[in-house]
Structures are given as C-alpha cells and as structure tokens.
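Q: I've got a model open and I'd like to learn how to read its surface and its contacts. Where do we begin?

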Amino acid sequence: MSSDATGDAAKRRDAAFSKTYSADKALLHVKAAGWGRGLSTILRITRMSLRHPWQVAIAIVSTFIAASLQLLIPQLLGQAVDQTQTVVTGGEAGALAENALLMTALMLLGVSVARGIFTLLQNYYAESVGHHIGYELRLACYEKIQRLNFSFHDQVHSGDLITIGLLDLEGVRMFFSTGLIRVFLLSVLIGVGAYLLLSTNLVLGLLALSFVPFVAWRSATAQMKLRLTWRELQERLAVLTRVMDENLGGIRVVRAFAAQAYEMAKFDKWSKYALELAHDRVGIRVRATSLMTFSFFAAMGLVLWIGGGMVIEGEITVGTLATFLTFMTILQMPVRQLGMMVNSFARASTCGTRLFALLDLDIAIKDKPDAKPLTVTEGTLRFDNVGFVYPETGDNRVLKNISFEARRGETLAIVGPPGSGKSTIAHLIPRFYDVTEGRITIDGQDIRDVTLASLRHAVAVVQQDAFLFTTTIENNIAYGDPWARENRIERASDSAQLHNYVLGLPHGYRTIVGERGVSLSGGQRQRLSIARTIMLRPDILVFDDSTAAIDAATEQRIRGAMKQYARDRITIIIAHRLSSLMHADQILFVENGEIVERGTHEELLDKGGRYKALYDLQVRPGDEMLEEMGGGEN
Amino acid sequence: MTTETYNERHDPADAGRRPPRATVGSYRIEEEMFGKAFDGKIVSRIWAFVEPYRLQMIIAVIAVLVFTGTQLIIPLIVRYAIDYAVVEGGVDYTALLWACAAFGVTIAINYAASYVQESVVGKAAENVLFDMRRAMFGHLQRVSLSFMDKTEVGRLMSRLQGDVNSMQEFLETSVISVGDMALLVGIIVVMLWLDFSLGLLTLSVMPVLFIVRIFWLPRARKAFMAAHETNSVTNGALAEAIHGVKAVQSMERQDVNFTLYNDKATANLRAHLTASKYAQVMVPIVDSLTGLAMAILIVVGGSMVLNERLDVGVMVAFLFYIQRFFDPIRSLTLQYSVMQRAMAAGQRITEVMDVRVDITDKPDAEDLPADMDGSVEFKHVTFGYNPKHPVLKDVNFKVNPGETVALVGPTGSGKSSSMALIHRFYDVQDGQVLVGGRDVRDVTQESLGRHIAMVLQEPFLFTGTVFENIRYRKSEATREDVVEAAKTVGAHDFIMRLPGGYDAELGERGGNLSLGQRQLISFARALVADAKILVLDEATANIDSYTEMLIQKALVKLLEGRTGLVIAHRLATIRGADRIIVLQNGQVIETGNHDALMAKKGLYSKLYNLNYASFDDIPDTELEAATEGAGDGTT
C-alpha cells in the first residue's frame, strides 16, 4: 500500500461533505425516517408488492377467509355447549340432540381444516410476495453498487453498504408478511369479532374486548422501546466486537507491551456497558409481556364473573359464555403481535428510506445519450490543460493545468511526493473520475463523448491495492476475460513473473487465493494484478504505483518480458522508486497537482532540480545521509 | 487492433452463456451447525459457567413450574364456576364469588411467576453469555502465540460471538422447555383426572402430531438450512461486489457478474419458497388435529353430558386444554434443534478453552528490577516451533547496555525467532535468554513487557484517537509526554495536520494514515513506553523516499540511550548499528561492525556487494549463490 493513495483517501474523507453526494450520504445514515418520507417509503414498498397482483390477491383473500373461519370456531363451540344443555325429555329428543352435536362436531372439524388451509395460503403467499420483492431489490442493489462511481465508493464506508444490502433489504422484504397482511388479519378479527360479540351481548362484549386497547398500546410502546434499545445495544456490541477483533488481530502488540491487563480492562468496560443494556432489555420485555398476560386474564376473570351472573339470571346461556371465553383466547395472540406490526412498519420505513436512497442515486459518470464506441487508430493520448477537484473538497484543486501527450509504443512516467496527485492522473483516463477542467482525448475523441465500456476496454489500470477475488488463481488472472484460454493465462502470468511461483503451489493455477484462500505476499498480489491487467490487452496500460512491493530485480524482469507487449500500446508508470521509471521516454515530475519538471531521465538529472534531489536521496549511501541528518538535528 | 481485441473479449456468440472462468462470491460451510443432541462432557463443562447462577436457575425453574401450574388451574376454575355456581338451576352467588376470587389469586400468581421466571432466566442467561465470552477472551490473552498465528481471527471471533450466543439461546429455552414438559404432563394428567376415558380419547390425536413431526423435522431442517446457506452465498457475493468494486469496474466485469449474481439470487429465492412451504405445511396439520380433538370431544363428551355422565364445565375445561396442548409439542421439537446447535457450539468453545497455556510466570517469579542494566544475552540457545526442527541452534551473543545491534540474514535464518525469545513469547528448548542478567523465565512477564518495547514490522494501530494510540497502556503518560514523543520521532507535524490533531479519530487499524505515518506513530508509542530495551523489526515494504527519510531519522532518536536490537533490512540502518550479527540457518556466522565484516569477506560482504538498497531486494538466485559461497567459507 502506498502512502500516496491512503494520504489522498484520508484527505478526501476528512474533507467537507461533497456537493454531489452530501444529501445522499446523509440519507444513508437515516436512523428514523420522518413521517412524510416514511409514509412515501411504505407506499413504495406497497406498490412494489402490487407488482405481484395474483399472489397479493390470494394472500389477502385467504386472510379474510381464514380470519372469518377462525371466528366461527367460538360460535360452534358455544353452540355445542348449549346443545348438551338441552333438557332431555325423551329418547327421541335425546337422539336429535346427539345428531345436532354430531353436526356441530363435523362443522367444527371442517372449519378447522379449512382455516388451516387458508392460513397456509395466507402465510405462504404473503412470504412469497416478500421473497419476490427481496429478490428484485437484491438485483437492483447489486447493479447499483456495481455501477456507482469511485467518488461515491471513496466516501461511503463499505460496512454501510453491506448494512443496506443485507439488513435494510431484509427489513423491507419482511414488511408485506409481518406488517401489511397482519394488519388485515387483525382488523378482520377485531372488527368482525367485535361486531359478533357486541351484537350478542353489549356489556359482556365490551368486557371481553377491554383488554385489547391496553395490550395493543403496551405491546406497541414496548416494541418501540425495545427497538430503540436494540439499536443502542447493537452499537455497544459493535464496540465490544471491535475491541476483541483488534485485540486478537494485534495480539503481538498486546503481548509486546504486556498489555493483557489493560486490554482485559477495556474489554470489561465495554462488556459491562453492553450487559447493562441487555439486562434493561430483558426488563422491558418481561414487564410488557407479563402485564399483557395479566390484563388478558383480568378481562377473562371479569367476563367469568359478570357472565356467570348473567347465566344465573338466565340472560345468556352457558354456551354463549363459552363463546366469549374462547373468542378471547383467539384474539389474544394477534393483539399481542400488534407490537411486532408497529415494529415492522417502523423498520420498513427506516430501512426502506435508506435502501431507496441508494437505489435512487444518480450515477454521475455514465454514457452520454449519443455516445459512440471509442475507435483507436493512431493510439495517441492527450491531456489538454486538465484540472481536477474532488467533488467533496470543493476548493483546493488536486490537479492544475496538466498537459501532455503520449503515443503508441511510448512509456510515460509520473513521479512526485506523496499526495501530489499522481494517482489522480491515472484515474482520470478510464473516467473513474471526470476532469473538472480541460479535456482528455484519445485519437482526438474526448473521452466523455465515447461509451464507458469501450473506453475502459482501451484503458487498463493496475491498481495500488490489488483486490483479489476468492477464487482460483487462473480465475483471478482471467477476471477481465473469463473466456480466456489456459495458454493465454499462463503467458500473462509468466510475463508478470508469477508462473514459477504458481507452479510450486500444491494446486497450481487451481489454488484458491483471496480472503479465504492461500494468502499471497504484497509482491505476489501485485504480480497477479499485473497479470490480470495484461490479459485485458488495453491500448493504454497504467501502472498506478503497483510495483512498490515487488523487488527491483523482479520488476526489471517483468519489464523485460513486457517489452514486446509495450510496443503496441502506451504505458504509463507511476512509481516512487526511480529505477522503475528512469527508462521512460518522458518523465513528469508532479508536485502539488502541477507538472513542475518534464523530460527524460538524463535531461532531468542535468537540470539539477527536484528530480535530481530525489535521485540523490535514493542512491546515496545510507550512513552519509544519517550523519547529515544527525548533524542537522544537533 | 482495438476492434480485434474487443471482439476477442466479447464474442457475440457468448452472449447469455456463463463464462467458464467466472464466479462471484465464495462461500464454504466451514463448521458443523448441529452436533449430538446431548453430550455429557460438554454439558458438564458448560455447567461450570451456569454454576454461579445456580440459585437463579432454581428460582427460575420453580417459577416456571408455578406459572405452568396456574395455566393448568385456570380452566379448572372456569369449570368450577360453570358447574357449581352457574348451572344446576340453582343460584349460588357464593360459589361464583369464590370462583372469581380464586381466579383473581391465580392470575396474580401467574403474573408474578411469569415475571420472575422470564427476568431471572433472561438476566442469568445474559450473564452466562458474558462470563463465557470473558473467560474465552481472557484465555486467548495467555495462550501461545503460535496458536494465535495459525488461527484466523475471524474463526476466533465466531467462537466469541456466534457460539456463545447459541449457548445463551440454549439456556433460555431450556428453562422454558422445563415449563413445556410440565405443561404437557399437566394437561394429560388433568384431563385424565377429570374424565379418564374422555381424556384418553381426546389425547389419542396427540401421538399423530408426534409422528408427523418426526417425519417433517429432518426434511424441513434441510430446507431451512438450504435457505440459510443460499442467503450466505448471495450475501457473500454482494459483499465481494462492494469490496472489490474498483477492480470490477476497472476490468468491466459488471455484466458478467450481474448474470452470475442473478443465478445465485434466483437459487436463493427458490430455496426460500421451499422453506416457506415446509414451515407453513404444519399449520393445517395442527389446525386439523385440534379440530379433530374438539370434534371428538363434542360428540363423545356432549353425549356424555346429555346422559348426565359428565358435567358441562368439564367439557368447557377440555376445550381450553385442547387449544393449548399442541403448543408444548411444537416448542419441544424445536428445542431439539436448539440443543444440537448448542452442543456443536459448546464443543468449539471447549476446544478454545482447552488450548494449553505454555508460558506462565513461575510461582516465585520476581519483577525485573527498575535499575537493571538493559543487557541482553543468549547463552547456547536452541529453539524450534517444532522441537525436531530447531530454527535456532546453539546461538550465543551478548548485547551490552546502550548498544545497538543489527540482526541480518536471509529469510528463515532465525532473526524473528530471536526477537520473540527476548520477550519470552516462546520458551527456549535449551540454553538461556538473559535480560538484565536474569533468566527471562525467572521474572514476571509483566515486568519484562515494561522493560522491553517492541516495534513490529506491520504497525498495528487501534481504533481510537492518536493520543490514545501513542499512550496505549501507559495510562500515566501525560499529554505532554505524548506530544514530546511524537515530536521526537517526527510525527508531530502530520498529526497536527489531521483534523483534531492528537484527538483525531483513527479509522479501522489506522486506515486513514499511510503506512509510513502508522510506522511513525508506532515509534512514538514505543518511545512513550520508555523501556530500557528496544526490539525493532524494520518494515520491509517499500515506503516512498520522503517518508523513509523521516523514519530513518526517527530510528536514530528512538535508539538513543537504549539497548537496541534491530532486525534490519535497509543498508542505512545496518550501517548505523554499533554491531552486526549475521545469522544463517539458525546460527550466528559473523559478528562485528560494518568495516570489520567487510574486511572478513564473508556472507555479509557478499550480500553488501550485490549492491541492493535493501537485503530484501536481493533475488533468490543471487542470494543462494552468495550464501552457498559463504557457507563454504565458514566450513
């Protein structure tokens, strides 16, 4: 890793919010959406659900049927109890009563089976709608992330994007089955149920329903409180995780400073902090649930008392009392789940707001409507007075008045102190960023007028930080050309001086590398990165400080192997080590975003300027330098 | 030329076909999710963590039994009310009042019991979770570094988090299971007691559910696992797209990746729909069985009531019980999976806890005295990570107080091992390592750490402010000390340029600083530690010349007035040392200062004369030639 890149990144991160992305960036950190925004998010999710009209229709209809059937059960039970109460006068009446009972029993069985089937349909199709929405959002999210420009990815932490793509998406996906459908179910149960009960007996009906508002309120508030504390707990646990992760990752530092006790204290502090909140959460949950149960049973007790009195007075039958009691047990569960419903709405609106903010982001660098593919004839690259400002910094220009030209077969080298803007020049050519002043042309075509795909096929950059994909070495090398044949892969690998190393591995080119595979050294990673870039056969090949971890001798061999290859294209080398670039046809010395010296190695040495100073710094024997510095200090 | 390459890369005939060498994401199941349902050894190990909360557990079990009892009693009260207070034509207000009073008392007890049970269990389970994690974390602070070296951090983290959470889930649900079991038994007993034959008849549907679930569970679990797995696969691919986005865009792989991702997302959708089917298919089965039990009750029980062989209240009570009796069966079968998961997790947790601690303080270990001279000596040291293949063989050398010694040698010569031994990261096989004239095994590790400061090759910084990082564990260091140290190593200027200066928050592992800057901060950290001995492993990575200069300057300052042992890679550092020790194949082959070694014309002079800026730049072939020659020279 080079100081240049990280220095730049740091600067960008520290800089003020960007003009382009500040609004969006803030959106990505939504903790709770405002009412208006939340509502429009909910509507948008609902609209998405309606794109599966059949499934939605089946789910809703099944919900109505299942709920109605469920309400029939208490009625049937009450009826059965009453039927047993028929005063038995004679054998015939007795037989009639038994027949009536049999009918009721059969109906009860039928209703139960039907209710089960419709509940299955309701749940399955509700979940299915959710899974389909989830699938669509996954694809949209993946595509968006793949296409968003570098300047977006520079600013947004990868962890935030993962949160959106994993957790927020889940929150939106769950909304239809846990939020919307349950609202239907609950309204049918309470609405129709209340009507049935109240019309049977007003007083008893009111008593039976008395627990509903209390439980609903308790459950909703408790859920909201749990939601808040959950978030807080996650934050505290995240710190604890980080403490453990860094301790284990940096265990040598911990041991070197004999800091185990210090680390344990740090762990204990955060552990205690998280534990306290975990206890609080248990408290909130338990208080809410036991109080809900209590209020339910209290209402039942009242129904029993008053209802019992009514039975005694002959106002109602025992069967009606049983109906009321069973009805209450049926209503208990969905009412308790009201909190979950509220939670589902809150979660969907927050998560959805964040997710949609990402999906709605504008991609700044894209094809113009009339863009044509780039046609490379002569193979000439020109920078015309190029200036560049990172969108977020606003002031403080990174590049000023950069002009140069390079032709096919030539090697151009760029050198300069860390943070001088060398890498930025490299990133402008494939339009990872767009110039803010001047223009860049390839064979006279402004790169902003051609299609991105054709431009990026013509320009390839060997990045500083070679990201390796967790797959085989051959797949990594063929990443940009997955149809490539084996011999081409081996040739590229050979040019990058990787072939012999790979052959020495137990599985050769089939060895898995990357995060979960064999770990490669920095130099090997860079060599692999060079190999995979060679595979692209670009017209312009840029080495963005990508040989820093490769030793000088190997680098020289790579250069030798690529001599033939370099004849057909422009090679741009950005490096710190002068031996990497002194053979170039033209060397640009960049400082503070401007080209301050240019020429060949010899010309620049003769000039005795900054390049010469850097040269002296690198080749002079170490002890002289030390003495001089020691002297300077004293 | 362009059109040619363009075509080669995107043959129109390939459109829609999956490229042979392309994949997105990678996911491998690395660990068994389920173990044996019960493993006595693991349970007893885990019990050690529950033991301190034994009282709470007993209270919880009592509370859960009381709770279950009240649940069983409520239908009985309703039955009493119906049979004795309400029907029989007679008006018995006293009985109704009694019934209501009993109901009131029962629900009060129910409330109290559920409150006690849930909060006691919930809190105790959280405590056990945190205790277990702490014990594991504490243990990892003491196990040998070679274990830490060969174990991925991610793996340990999943022990400390996922596995510990499985144990917590297990504890919480096992108390509830006790309640479920009691409820099941209670319902059966009460129903049989109320009316034996009717009870038996109604309960006859219960085994049906058991049988159905026995067949359903393994299939359903497979479907759930598949859903879970495809989720991980798709999420892994998304994470890869996020982390590797720049590489993807540089190589224009978006279209191919999208197609491949779509395959994974589609598989995920299918797996979820299947899992959903399995989950929901139980609903009509349970509902039908409940309906069947109620139908049986109504037909048989109803005719019994008609024949006056049964009170109507009993029938109502039965209805209540029937609606409840499938719940415990459902949760008990789920508990089985929880147990299997917990056993697998417990197995892995005990594995970590059982990693041997190799290096401990002797019972009579003393602190290294504050006035020790700072000398380091190796006496006939032999050491190997694998005793059969020693990496150091009979190594002897002494570093005098205040002297700076550079350790030089090819990769694998034993430089890093020597460094680790000074700090007693490992124990020698033979011989002695002396610090300040004392055998490192006779002094406390803590005091050793105070007297020896180490700078590692890869500067590791912690999340937090610059100030906290430089001070690190030396909490008595003041702000002035920290600033002073930063100034000495030349880090002050760039620190002041950070927003917030010394209070600037560092990103993950110092990610917002360059390698060189991180190096300088780690120098400052070593300086604040103010140890008599400094052990330094020079960074090999190529740092730009400007920062390199700062680092060389800082090094001089850092070594001033201390005993220094430097694993040196750069010629500048090597030549600045008072003495050079050349190691090869675990043996000291040359010692002396630069001029003396050059005159000797051994390995050192050969390496030096190859004229590379750093010994690490020397290609393997030339290195081999040089060492062979040197080897001949010494024998």
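Predicted model: local features only at pLDDT ≥ 70, side-chain atom pairs only at ≥ 80, totals over all residues.

Q: Which residues form the nonpolar patch on the surface?

A: A:L202, A:V203, A:L206, A:L302, A:W305, A:I306 and B:L97 form it, with about 640 Å² of accessible area together. A:L202, for one, sits in helix α8 of chain A.

Q: Now the interface. How much area do chain B and chain A bury between them?

A: The general idea is that interface size is often given as the accessible area lost when the parts come together. Here chain B and chain A bury about 15500 Å², with 66% of it on carbon and sulfur atoms. The contact takes 162 residues from chain B and 162 residues from chain A.

Q: How many salt bridges are found across the interface of chain B and chain A?

A: The rule finds six. One pair to click on is A:E486 with B:R21, where the closest N and O atoms are 3.9 Å apart; the cut-off is 4 Å. There are also 37 residue pairs in polar contact between chain B and chain A.

Q: Which helix of chain B gives the most to the side that touches chain A?

A: That's helix α10 (residues 254-306), with 31 residues. The whole side of chain B that touches chain A divides into 81 nonpolar, 48 polar and 33 charged residues.

Q: And how many salt bridges are there over all chains?

A: The count comes to 48.

Technical notes. Residues numbered from 1 in each chain as written. Chains lettered and ligands numbered in written order. Heavy atoms only, no water. Contact = heavy atoms within 4.5 Å. Buried area = accessible area lost by both parts, 1.4 Å probe. Salt bridge = Lys/Arg side-chain N within 4 Å of Asp/Glu carboxyl O. Polar contact = N/O pair within 3.5 Å; in protein donor to acceptor, adjacent residues only side chain to side chain. Helix = DSSP H or I, 4+ residues; strand = E, 2+ residues; numbered from the N terminus. Nonpolar A, V, L, I, M, F, W, Y, C, P; charged D, E, K, R; others polar. Patch = residues over 30% accessible without salt bridge, like charges linked within 9 Å, V, L, I, M, F, W, Y side chains within 5 Å. Areas by Shrake-Rupley, 256 points an atom, 1.4 Å probe, with all protein chains shown as cover.
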